[in-house]
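Please work through the exercises below with the sequence and the coordinates at hand. Each task is followed by a solution in steps.

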Amino acid sequence: LEIKVNEKILSKNDQIALETARLLARKKILCLNMMSSPGSGKTSILEKAIPLLKARLRPGVLEGDVATQIDAQRIEKSGIPVVQITTDTFGGSCHLSAKMVADRIGDLPLDSLDLVIVENVGNLICPAGFQIGADLDVAVVSLTEGPEKPLKYPAIFQKSHLVIINKIDLAQALDVTPGEVADNVKKISPLMECLFVSAKTGEGIDRWVDWICQRVGQKKQME
Ligand SMILES: Nc1nc2c(ncn2[C@@H]2O[C@H](COP(=O)(O)OP(=O)(O)OP(=O)(O)O)[C@@H](O)[C@H]2O)c(=O)[nH]1
Ligand SMILES: [Mg+2]
């Protein structure tokens with residue numbers, strides 16, 4: 001019986017996600033869903049990427065957290081539109097649901113955006129189970145988490161379209177190489193593209209920006 005209820009909730013979620021995807025298709029906006037454990041550097045990567053993105057297209061950000069406006073306030077400093085969703089009003093949910101995104105995405109000025117990046121709630125498990133209507137999923141994993149995380153929490157890494165391996169500036173201190181992490185990603189998802197970045201030094205961020213801009217261009221050309 002319990003399984004039946006879960007199935008119903010998920011299918012409703014997917015229905016709402018599809019409506020968001022259709023809205024974004026009409027407006028020709030590319031939407032990315034960034035997922036990772038807490039503190040892997042999602043917001044820091046965005047802070048470094050936004051100035052480069054802003055020079056080439058019109059980005060907006062949807063921030064997901066359990067509580068506080070901290071991440072939205074950080075992104076606001078980049079001078080782009082940002083909306084904070086907090087899940088504490090939804091029982092402190094550990095992921096964004098399609099409904100949370102659908103209810104708030106319209107608070108962004110969609111008619112003047114080419115790209116919406118959703119920073120999901122920091123959690124390496126739950127966000128993988130909920131569609132939100134994004135075109136592409138981007139997983140972030142940092143060297144500080146240890147090289148084995150992709151093996152232990154495979155779902156996010158299997159469903160993503162890109163894996164960003166962050167904090168490469170700390171490789172020596174941690175005695176973990178970015179290549180080790182990438183090898184583990186490829187054990188569970190052999191064709192996965194991995195980008196090595198440091199949100200601290202900015203290394204590799206330009207490659208992610210190119211990756212995004214190319215896909216924004218493709219979405220613009222879709223009928
Ligand atoms: N050395 C180093 N520190 C980093 C790097 N990226 C992020 N940090 C630090 O890691 C901490 C967490 O970074 P955030 O960007 O807040 O991480 P997050 O994934 O957005 O965290 P949540 O939103 O809570 O899930 C901060 O203290 C950052 O300064 C990096 O590339 N190198
Ligand atoms: Mg964050």
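The model is predicted, and local features need pLDDT of at least 70, side-chain atom pairs count only at pLDDT 80 or more, while totals for chains, interfaces and linings use all residues. Residues are numbered from 1 along each chain as its sequence is written, chains are lettered from A and ligands numbered from 1 in the order in which they are written, and side-chain values use heavy atoms, with hydrogens and water left out.

**Exercise 1.** Determine which residues coordinate the magnesium ion (ligand 2).

*Solution.* Step 1: take as donors the N, O and S atoms within 2.8 Å of the metal (3.2 Å for Na, K and Ca); water is not among the atoms, so sites may look incomplete. Step 2: the search returns T43 (OG1), D71 (OD) and E119 (OE), at 2.0 to 2.1 Å. Step 3: along the sequence, these donor residues follow the spacing T-x27-D-x47-E. Step 4: D71 belongs to helix α3 (residues 70–76) and E119 to strand β4 (residues 115–119), so that the pair links distant parts of the chain, 48 residues apart; helices (H or I, at least four residues) and strands (E, at least two) are DSSP runs, numbered from the N terminus. Step 5: both D71 and E119 are buried, where buried means under 20% relative accessible area, exposed over 50% and partly exposed in between (1.4 Å probe, protein chains only).

**Exercise 2.** Describe the lining of the largest pocket.

*Solution.* Step 1: on a 1 Å grid over the protein atoms alone, a pocket is an open set of points where a 1.4 Å probe fits, with protein on both sides within 12 Å along at least five of seven lines, and lining residues have an atom within 4 Å of a point. Step 2: the largest pocket holds about 200 Å³ of space, a volume being the space filled by probe spheres set on the points, which are joined across faces, edges and corners. Step 3: it is lined by 17 residues, of which P38, G39, S40, G41 and K42 are the closest to its centre. Step 4: α2 and α3 are the elements that give two or more residues to this lining, and α2 gives the most, with 3.

**Exercise 3.** How many disulfides does the model contain?

*Solution.* Step 1: a disulfide is a pair of cysteine sulfur atoms within 2.5 Å. Step 2: for C31, the closest cysteine sulfur is in C213, 16 Å away, and therefore too far for a bond. Step 3: the count by this rule is 0 disulfides. Step 4: for accessibility, C31 counts as buried at 2%, whereas C94 counts as partly exposed at 27%.

**Exercise 4.** Characterise the surroundings of S37 and V101.

*Solution.* Step 1: S37 lies in the loop between β1 (30–35) and α2 (42–54), and is buried because its relative accessible area is 11%. Step 2: contact means heavy atoms within 4.5 Å; leaving aside neighbours within four places in sequence, S37 is in contact with K42, G122, N123, L124 and E145. Step 3: V101, in helix α4 (residues 98–105), is buried at 1% relative accessible area. Step 4: not counting residues up to four places away in sequence, V101 touches T20, L62, I85, L96 and I132.
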